[in-house]
Amino acid sequence: MKEKDDQIPARVIAAVVATGLMSFCGVIVETAMNVMFPILMRQFHVSIGTVQWMTSIYLLVVAVIVPLSSYLKTTRSTKSLFLVANLLFITGVVLDTFAPSFGLLLLGRAI
């Protein structure tokens, strides 16, 4: 009897590793954000209830994007989704870097 070739393709391994790294980074970012609350409160002169929106807006956007991603994957090319996602990420990071107010910081976090 002939044995099957059970080797996993390198692309599948790379995709699993990339997904794992992205998930890990998401957890790290959320943990780091919670540690930053006192600093953000002092910097922007806002209450703990207001600064908590940093976590809430992130979770709200994730809750919308996860089910929406299934639809987008069927209607858009992977390349265009990848490019748009990265451009939005970079836009959010730049906006957060130079945000003069808490509102703009929150907008950058949502993006």
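Here are legends for a few close-up views of this predicted model.

A quick note applies to every view: local features need pLDDT of at least 70, side-chain atom pairs count only at pLDDT 80 or more, and totals for chains, interfaces and linings use all residues. Residues are numbered from 1 along each chain as its sequence is written, and side-chain values use heavy atoms, with hydrogens and water left out.

**View 1. The aromatic pair, Phe44 with Phe102.** The structure holds 1 aromatic pair. Its ring centres sit 6.1 Å apart with the planes at 65°, so the pair is edge-to-face (rings of Phe, Tyr and Trp, the last by its six-membered ring, pair if their centres lie within 6.5 Å; planes under 30 degrees apart are stacked, over 60 edge-to-face, the rest tilted). Phe44 belongs to helix 2 (residues 37–44) and Phe102 to helix 6, so the pair ties together parts 58 residues apart in sequence. Helices here are DSSP runs of H or I with at least four residues, numbered from the N terminus. Phe44 is buried at 18% relative accessibility, and Phe102 is buried at 10% (buried means under 20% relative accessible area, exposed over 50%, partly exposed in between, with a 1.4 Å probe and protein chains only).

**View 2. The largest nonpolar core.** This core has 12 residues in all, among them Phe44, Phe102, Leu40 and Met54; such a core is a set of buried Ala, Val, Leu, Ile, Met, Phe, Trp, Tyr and Cys residues joined through side-chain atoms within 4.5 Å. Helix 2, helix 4 (53–75) and helix 6 each supply at least two of its residues. Leaving aside residues up to four places away in sequence, Leu40 touches Met33, His45, Val46, Val51, Met54 and Leu105 (contact means heavy atoms within 4.5 Å).

**View 3. Arg109 and its neighbours.** Arg109 lies in helix 6 (residues 102–110) and is buried, with a relative accessible area of 13%. Not counting residues up to four places away in sequence, Arg109 touches Val29, Glu30, Met33, Met54, Ile57, Tyr58 and Asp96.

**View 4. Val16 on helix 1.** Look for Val16 in helix 1 (residues 10–35). Val16 is exposed, at 56% relative accessible area. From its C-alpha atom to that of Leu107, 91 residues apart along the chain, the separation is 31 Å.
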